[in-house]
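Reader: I am new to this structure and would like to know what lies behind the words used to describe it. Could you show it, and then take my questions in turn?

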Amino acid sequence: MGLRDPVRMLVIDAANVIGSRPTGWWRDRPGATRDFTERVRATVTAGRLGPPVTIVLEGRARAGADEADVDGVEVVHAPGEGDDTIAAIAEANREVVVVTADRELAERVRAAKAEVVGPSWLLEQLVD
């Protein structure tokens, strides 16, 4: 996927990644977020993804995971739109890879020299 090695920072558009598969996540957004965050942390702990990893949460999903930096995975609660928070992170850091399928967000972060990979790339990395 064109990822540099090592990746300095992986930033995950959680709403976009969780919403990319019809798993019933919409019935329990906080629960889906909690499960997703735990899987990402387990994947980093297992060495399948290198830290630092940032998961950006918005809306009701914020109730599923506290803002914290645990096991190399930081959870950030967007005060408004998650896209704005992700774009700000990409602009403020070097060598950022953003996980999203959102075309508008992808354009914004590419303008900040970030790389973009799709949700399927990340989902294939995650441990069960």
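Predicted model: local features only at pLDDT ≥ 70, side-chain atom pairs only at ≥ 80, totals over all residues.

Reader: Where is Thr37 found, and what does Thr37 touch?

Author: Thr37 is found in helix 2, where helices (H or I, at least four residues) and strands (E, at least two) are DSSP runs, numbered from the N terminus. Contact means heavy atoms within 4.5 Å, and, not counting residues up to four places away in sequence, Thr37 touches Ile55, Ala65 and Val75. Helix 2 itself lies across strand 1, strand 2, strand 3 and strand 4, and runs at about 175 degrees to strand 2; axes here are lines fitted to C-alpha atoms, for helices over the stretch in contact, and angles run from 0 to 180 degrees between N-to-C directions.

Reader: What makes strand 2 mostly covered?

Author: Five of the five residues of strand 2 are buried. Val53, Ile55 and Leu57 are on one side and Thr54 and Val56 on the other, and both faces are covered.

Reader: How do you know which strands pair with strand 2?

Author: Two strands pair if DSSP finds at least two bridges between them. Strand 1 and strand 2 have four bridges, in the parallel sense, and strand 2 and strand 4 have five, also parallel. Val56 stands opposite Val76 in strand 4, while Asp13 stands opposite Val56 in strand 2.

Reader: What makes strand 3 and strand 6 edges of the sheet?

Author: The six strands form an open sheet in the order 3-4-2-1-5-6, with mixed pairing. Strand 3 (68–70) and strand 6 (115–117) each have a single partner strand, so one side of each is left without a neighbour in the sheet. For strand 3, the pairing with strand 4 is antiparallel, over three bridges.

Reader: What is meant by the largest nonpolar core, and how many residues does it have?

Author: A nonpolar core is a set of buried Ala, Val, Leu, Ile, Met, Phe, Trp, Tyr and Cys residues joined through side-chain atoms within 4.5 Å. The largest has 24 residues, and those with the most contacts inside it are Leu10, Ile12, Phe36, Val40, Ile55 and Leu122. Its largest share, four residues, comes from helix 2.

Reader: Why is the largest pocket called a pocket, and what is its volume?

Author: On a 1 Å grid over the protein atoms alone, a cavity is a set of points where a 1.4 Å probe fits but cannot get out, whereas a pocket is an open set with protein on both sides within 12 Å along at least five of seven lines. The largest pocket has a volume of about 230 Å³, a volume being the space filled by probe spheres set on the points, which are joined across faces, edges and corners. Lining residues have an atom within 4 Å of a point, and among them are Val17, Trp25, Phe36 and Leu126. Helix 2 gives the most to this lining, with four residues.

Key:
Residues numbered from 1 in each chain as written. Heavy atoms only, no water. Buried < 20%, exposed > 50% of the residue type's maximum accessible area, 1.4 Å probe, protein only.
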